[in-house]
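Q: I have a sequence and a model on the screen. How should I read the features, one at a time?

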Amino acid sequence: MSDLIRVLVFGTTGVGKTSLCNALTNQNQPVNDGVKGVTFKHYNYPPVELSSKNLLITDTVGLNESDKGTVKSKDAIKLLLNLLRDSKEGYNLLVHVIRIGRITQNELANYNFFVKIIADSAVPVILLVTGCENIEPMSKWKKENSSALEEMGLNYQDVVCTSFATSQRQEFAKIYESLRQESCQAISHSILEHARPEPVLIYSDNNGFMTIIKRAWNTFCNFFDKPEWTWNVEKNLAEMMRRLGLLEDEIRDLLKYTNMFGKKE
Ligand SMILES: Nc1nc2c(ncn2[C@@H]2O[C@H](COP(=O)(O)OP(=O)(O)OP(=O)(O)O)[C@@H](O)[C@H]2O)c(=O)[nH]1
Ligand SMILES: [Mg+2]
């Protein structure tokens with residue numbers, strides 16, 4: 001059994017993904033840094049020990065309704081390729097982060113994209129709900145909403161209700177700190193229980209890599225209402241990038257990612 005647990009964290013902008021990752025890894029990556037339209041920018045946290053295993057967390061940004069029409073094709077494909085390239089080792093678990101409240105189109109689109117399209121429904125996924133500081137106990141949300149989630153076709157291995165709120169006011173700071181600790185324990189426990197013992201590969205060779213790019217790219221184009229970008233015909237990646245208006249040297253640069261198995265596109 002491998003001692004690495006690879007976890008991919010995804011969810012709409014501002015739900016608390018980085019706050020969660022920071023709390024689990026004792027890091028201080030900027031929260032809510034205001035980066036707009038950088039839809040697939042991701043960050044690999046340095047490994048941290050979790051119950052004699054090494055937890056490797058990747059924080060990535062999800063699909064956001066508000067980004068529709070603002071993402072530049074060139075940036076989008078670079079970021080998508082970056083995420084997929086760095087997903088070469090596969091994942092043991094996905095964590096979908098939402099802020100407490102209604103499930104919107106954003107949450108459904110993110111679930112579909114990461115769980116079904118990228119991971120091909122082969123990697124277990126847990127739901128982490130942030131913003132539960134006003135609920136007593138925090139786990140109440142799980143009890144009240146689990147069946148509704150299933151009815152919506154959202155199948156999570158577990159639902160973890162948390163709070164990573166912070167406050168500069170002394171009277172809140174202590175309470176929030178104890179909720180953060182409780183949240184870290186709950187999510188750590190769930191990760192250890194539900195992560196696959198070995199990472200699930202989402203592609204294993206050059207063909208698989210091209211297939212996943214194509215699948216993810218087309219879903220992405222549909223989400224961003226860009227049907228003209230979709231990859232309907234059997235074109236290779238270079239032709240697709242040409243159609244997107246990329247310059248030849250940019251295409252050559254991007255194609256380096258697809259050469260990781262020693263084959264040319
Ligand atoms: N009240 C409350 N605020 C939270 C909670 N978790 C995070 N926040 C706050 O929500 C804001 C956004 O948190 P981030 O961790 O930056 O969210 P993110 O999902 O990484 O955002 P992007 O990187 O922009 O996608 C910050 O001000 C956090 O302090 C929570 O459980 N409760
Ligand atoms: Mg973030």
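Q: In which sense do S5 and strand S6 pair, and over how many bridges?
A: First, this is a predicted model. In it, S5 and strand S6 (residues 125-130) run parallel and are joined by six bridges. One pair to look at is Arg99, which stands opposite Thr130 in S6.

Q: Which strand pairs with S5 over four bridges?
A: That is strand S1 (residues 4-10), and its pairing with S5 is again in the parallel sense. Here Leu8 stands opposite Leu94 in S5.

Q: What unit do S5, helix H3 and S6 make?
A: The three form a β-α-β unit, right-handed, with helix H3 covering residues 105-118.

Q: How many residues of strand S5 are buried?
A: In a regular strand, side chains alternate between the two faces of the sheet. Strand S5 (residues 93-99) is mostly covered, with six of its seven residues buried. For Leu94, the contacts beyond four places in sequence are Leu8, Phe10, Phe114, Val115, Ala119, Val123, Pro124, Val125 and Ile126.

Q: Which residues touch the most other members of the largest nonpolar core?
A: As a general idea, nonpolar side chains in soluble globular proteins tend to be buried together. In this model the largest nonpolar core has 58 residues, and Ile77, Leu94 and Trp217 touch the most other members. The element that gives the most to this core is helix H6 (residues 206-223), with nine residues.

Q: Why does this core lie between domain 1 and domain 2?
A: Residues of domain 1 (4-194) and of domain 2 (206-259) both belong to this core, so it lies between the two domains. Another core lies apart from it; that one has 23 residues, including Val7, Tyr45, Val48 and Val95.

Q: Which residues does a cis peptide bond join?
A: The bond is between Glu136 and Pro137, with omega about -15 degrees. Pro137 is in the loop between S6 and helix H4 (140-151).

Q: Is Gly131 buried or exposed?
A: The cut-off for buried is under 20% relative accessible area. Gly131 has 18% relative accessibility, so it counts as buried. Gly131 lies in the loop between S6 and H4.

Q: What is Gly131 in contact with, leaving aside neighbours within four places in sequence?
A: Its contacts are Arg99, Ile100, Thr162 and Ser163. Sequence separation and distance can also be read together: Gly131 and Ile98 are 33 residues apart in sequence, and their C-alpha atoms are 8.9 Å apart in space.

Q: What is the mean pLDDT of the chain?
A: The mean is 86, and 88% of the residues reach 70 or more. Over residues 260-265 the pLDDT is below 50, although this stretch has 20 contacts in the model beyond near neighbours in sequence.

How values were computed: Residues numbered from 1 in each chain as written. Chains lettered and ligands numbered in written order. Predicted model: local features only at pLDDT ≥ 70, side-chain atom pairs only at ≥ 80, totals over all residues. Heavy atoms only, no water. Core = buried A, V, L, I, M, F, W, Y, C linked by side-chain atoms within 4.5 Å. Buried < 20%, exposed > 50% of the residue type's maximum accessible area, 1.4 Å probe, protein only. Helix = DSSP H or I, 4+ residues; strand = E, 2+ residues; numbered from the N terminus. Domains from an automatic or database assignment. Contact = heavy atoms within 4.5 Å. pLDDT = per-residue confidence, 0-100. Pairing = 2+ DSSP bridges. Right-handed = clockwise from strand over helix to strand, strands pointing away.
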